[in-house]
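Try each task before you read its solution.

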Amino acid sequence: MTRRQRAEARNIKSDRHGMRSSSVALMLLTVSRIGAAFVARTSSSSLIGTRQIHKLRMTTDWDDDAKYLFDLNGFIIVRNVLSSEEVKAANAAINRHEDQFIERSDPSLRNAVEGTALYGSGPGRKDLGRVLEWGSEDSKVFKSILAHERLLPFYHGLLGKGYRMDHLPFVIRQDMGGEGFQLHGGTIDCSSGEYNPFLAYSCNQGKLHNALLGANVILEDHNPGDGGFCVVPGSHKSNFKMPKGMLNGDMHSEFIMQPATKAGDVVLFSEGTVHGAMAWTPRDRQRRTCLFRFAPATNVYGRSYFGHEGGGWPTAIYDDLDEAQRSVLEPPYANRLDRPNILEDRSIEITTRNERKKQHDRDVFGTRYF
Ligand SMILES: O=C(O)CCC(=O)C(=O)O
C-alpha cells in the first residue's frame, strides 16, 4: 500500500464510523453555503458556523428566487408551513398509532448496507402508513398537506396545474442509531446510470418539470449533524452514475448534505435529485417526518390510486376533504378532460373541451372519454 492509499483508507474508515466527526465540518460548511443561497433575500448577516443555520428563514414564496434555487439545487425548504400547534397535533396523532409502526428489521427490507456510513448502529427505520385514514381529528394536519395554501404555489410551479398525489404518504421514524437510506433516485439513476423518465427533472422555456416530487413534512427538528433526510445538491442535472462508494455515504461525503430543518418546515425535492437519509444521532429525540409524493396531472408511478378493483384510493381517505384536497386524489389524465384544477384562492375550476367534441367521443367510442 502506498502512503496515499493508506491515507485514503484512513479517511474512508473515519467517514464510516465518524461521519459526525471529521466530515461533519465539511458538511456543515456545505450546509452554510447552501443556506447562504437560500437566505440571500432575507438576511445580510454572515452565515459562518452552525448557529446561523438555525436562524435561516428563507423567503417562502414561490417567486423567481425560489425558482432559481430549486433549479440550482433540485430541492427547496419551505419554512414554517405548519404551526407549532399543528406539529403537536400531528405528533399526538402519531403517538396514538405508535403500535402500528413497522420496523424494517428484516435484512431484505434494509435501506442501507451494514457497515456503511448510512446504516447506523442497528435499529431499522420504522414506517407508519394510513395517515390519511385516521378520521377527522387525527388525519387533519396530514390532509392539509394535499393542497396547503402555503404549498400550493410551489406545487403549481414544480408540477403544474392539476397535480396529483401519487403515493400513499407515510411517517418515517428513526430512533437513536436508526438506519438511514442509501442514496437513490436521480434523473439519471445514480446507481445504474440509466435515464429515469418517471423521476426526471427538466426545465423548458422557464418552466420546471418534476415527474415526481417528494414533500417531506418535518415533524421533529433536524439540527446539523442529527441525520435524517440528505441530498446531493445539483444531482438532478447529473449525467452519470455515482461513484459506488458514494451511494453508501462512504466516499465523497462532503457533497452529501443534511439540510437543517425545524419541525413545521417542508422539504420539497425532485425524485430526480439524488437523496437518501443519514443514520439518526440524537439520543433523546425520535426522527419523525411524513413523506408525500406528488406528480403532474398526466404522470404516474404508484398504483394505489385505482385501488385493487379500480375503486380509487382507500375510501377513508376521501372523508373530511375540501374540494381542493379532493381534486389532488384524481387519477392521472390530462387537464382538458374535465379535470378539477385548484386556483390560487383554492377554489376549483374544471378544465374541459367543448361539448361538440365530447359528444363526438361518445358517438365514436360509446364511452364518456377516449
Ligand atoms: O428518510 C427520508 O427522508 C428519505 C426517505 C426516502 O427517500 C424514501 O423512503 O424513498
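The exercises below use a predicted model.

**Exercise 1.** Find out which residues of helix H4 (residues 64-73) are buried, and on which side of H4 they lie.

Solution. 
- Step 1: Apply the cut-off. A residue is buried if 20 or more other C-beta atoms lie within 10 Å of its own.
- Step 2: List the buried residues of H4. They are Ala66, Leu69, Phe70 and Asn73.
- Step 3: Look around the axis. These residues cover an arc of only 100°, so they sit on the same side of H4.
- Step 4: Turn to the other side of H4. Asp64 and Tyr68 are exposed there.
- Step 5: Step past the end. Gly74 follows H4 and has a positive phi, near 85°.

**Exercise 2.** Decide whether helix H11 (residues 355-365) lies largely in the open, and say why.

Solution. 
- Step 1: Count the buried residues. Of the 11 residues of H11, the number buried is zero.
- Step 2: Conclude. H11 therefore lies largely in the open.
- Step 3: Check what comes just after H11. Gly366 takes a positive phi of about 70°.

**Exercise 3.** Locate Asp320 and Asp338, and describe the phi of Asp320 and of Asp338.

Solution. 
- Step 1: Recall the background. Most residues other than glycine have a negative phi.
- Step 2: Take Asp320. Its phi is positive, about 60°, although Asp320 is not a glycine. Asp320 sits in the loop between strand S13 (287-295) and helix H10 (323-327). It has 14 C-beta neighbours inside 10 Å, so Asp320 counts as partly exposed.
- Step 3: Take Asp338. Its phi is positive, near 65°. Asp338 lies in the loop between H10 and strand S14 (339-342). It has 15 C-beta neighbours inside 10 Å, so Asp338 counts as partly exposed.

Technical notes: Residues are numbered from 1 along each chain as its sequence is written. This is a predicted model: local features need pLDDT of at least 70, side-chain atom pairs count only at pLDDT 80 or more; totals for chains, interfaces and linings use all residues. A residue is buried if 20 or more other C-beta atoms lie within 10 Å of its own, exposed if 12 or fewer, and partly exposed in between; C-beta atoms are placed from the backbone. Helices (H or I, at least four residues) and strands (E, at least two) are DSSP runs, numbered from the N terminus. The arc is that of the directions from the helix axis to the C-beta atoms.
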